[in-house]
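Please look over the sequence and the structure shown below before reading on. The briefing that follows is arranged by topic.

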Amino acid sequence: MKQKYLIPLFGTFVLWGSLYVVSKIALRTIPPVTLLALRYLVSIPALYAILRVRRVLRPVERGDRGTVFAIGFVGYFASFCLQMLGISRLTGSAASLLGAMNPVFIPVLAAVFLHERLTAAKVACVAASMTGVVLIVGVGGQADALGAALMLGSVFLWSSASIIIRRVGGRYDPMHVAMLSMLCALPFVMLWSALELRTQPITVTAEGVLAVLYMGLLGTAAPHSLWNFCLSKMDASFCSMFYPLQPLVSSALGVLVLGEQMTPNFVIGGLIICCGVVMAVLSGRKRAA
């Protein structure tokens, strides 16, 4: 493995980690689901331009259209809407930490829907991560319990979408699937946004516009491109080991940019969740070997 490929890999998770903090800034003036709609309106043209340059656009076969729609509805509509609602109730650090639990949920869902073996190691990963969540939320409500539940629901739905993605894996470029899935989700997101704006009006500010552009270009299109490049050069199991970098970046930016406070329970719970993520990735790597 060439060391130079680590640079785009680090860049991927730095950009994904910063997305949560920038979302908190944008949510000051833009309702959560409306913010997601604006993000897609920026991301979709950017992804289309990248795909055109790479010359990997191709028609979706009739038998795969339902699968792509399911990915869009479950992942890019339901999951991301819950994610934005969760971010609006939590600190950027806590939201990012809970959002990084995909490697923990996916093995469990794969066992249920793909009949993969559920080992003791997988159960331990889930148990460790959920212990971390309990520490962060706390019995006395140190963090917003509803916000944490929304984020966990988002992770569960995104992990489910990841299982569905396996049905078309290898036949289409991952960025192509992402763009088409966003297109499928966009009408539902726009409808929810229209209802949301009736009670939560948007306020146009320079800060909000810049945040939306950042989320669409540097928070979605750029990291998707970097992630796909990394997967083409390195093993997926190795790339996934860097998932804990995402909440670490969010935590640092949350303190520096948003003035968030790191409680002892957050630090301990965060370390436990990161350990659970690493255990899940290492378990998947051993299984692949």
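This is a predicted model: local features need pLDDT of at least 70, side-chain atom pairs count only at pLDDT 80 or more; totals for chains, interfaces and linings use all residues.

**Helix H1**

Residues are numbered from 1 along each chain as its sequence is written, and side-chain values use heavy atoms, with hydrogens and water left out.

- Because 17 of its 21 residues are buried, H1 is largely enclosed by the rest of the structure; buried means under 20% relative accessible area, exposed over 50%, and partly exposed in between, with a 1.4 Å probe and protein chains only.
- H1 bends by about 25° at Tyr20, where the bend is the angle between axes fitted to the seven residues ending at a residue and the seven starting there.

**The chain as a whole**

- The secondary structure of the protein chain comes to 12 helices and zero strands, helices (H or I, at least four residues) and strands (E, at least two) being DSSP runs numbered from the N terminus.
- Of the 289 residues of the protein chain, 52% count as buried.
- Among contacts between residues at least 6 apart in sequence, 91% join residues at least 24 apart, a contact meaning heavy atoms within 4.5 Å.
- The protein chain exposes about 13400 Å², of which carbon and sulfur atoms supply 69%; these accessible areas come from the Shrake-Rupley method with a 1.4 Å probe.

**Helix H8**

- Helix H8 (residues 174-197) has 24 residues and reaches 32 Å from its first C-alpha to its last, close to the 34 Å expected.
- H8 bends by about 35° at Ala185, and the proline Pro187 follows within four residues.
- At the start of H8, a side-chain oxygen of Asp173 comes to within 2.9 Å of the backbone nitrogen of Met175.

**Two individual residues**

- Leu258 lies in the loop between helix H11 (245-257) and helix H12 (264-288), and it is partly exposed, with a relative accessible area of 23%.
- Leaving aside neighbours within four places in sequence, Leu258 is in contact with Val21, Lys24, Ile25, Arg28 and Leu253, and its C-alpha atom is separated by 9.6 Å from that of Val22, 236 residues apart along the chain.
- Ser154 has its place in helix H7 (residues 145-165) and counts as buried at 3% relative accessibility.
- With neighbours within four places in sequence left aside, Ser154 is in contact with Ser79, Leu82 and Gln83.

Methods:
The expected span of a helix is 1.5 Å times one less than its number of residues. A polar contact is a pair of N or O atoms within 3.5 Å; within protein, one must be able to donate a hydrogen and the other to accept it, and residues adjacent in sequence count only if both atoms are side-chain atoms.
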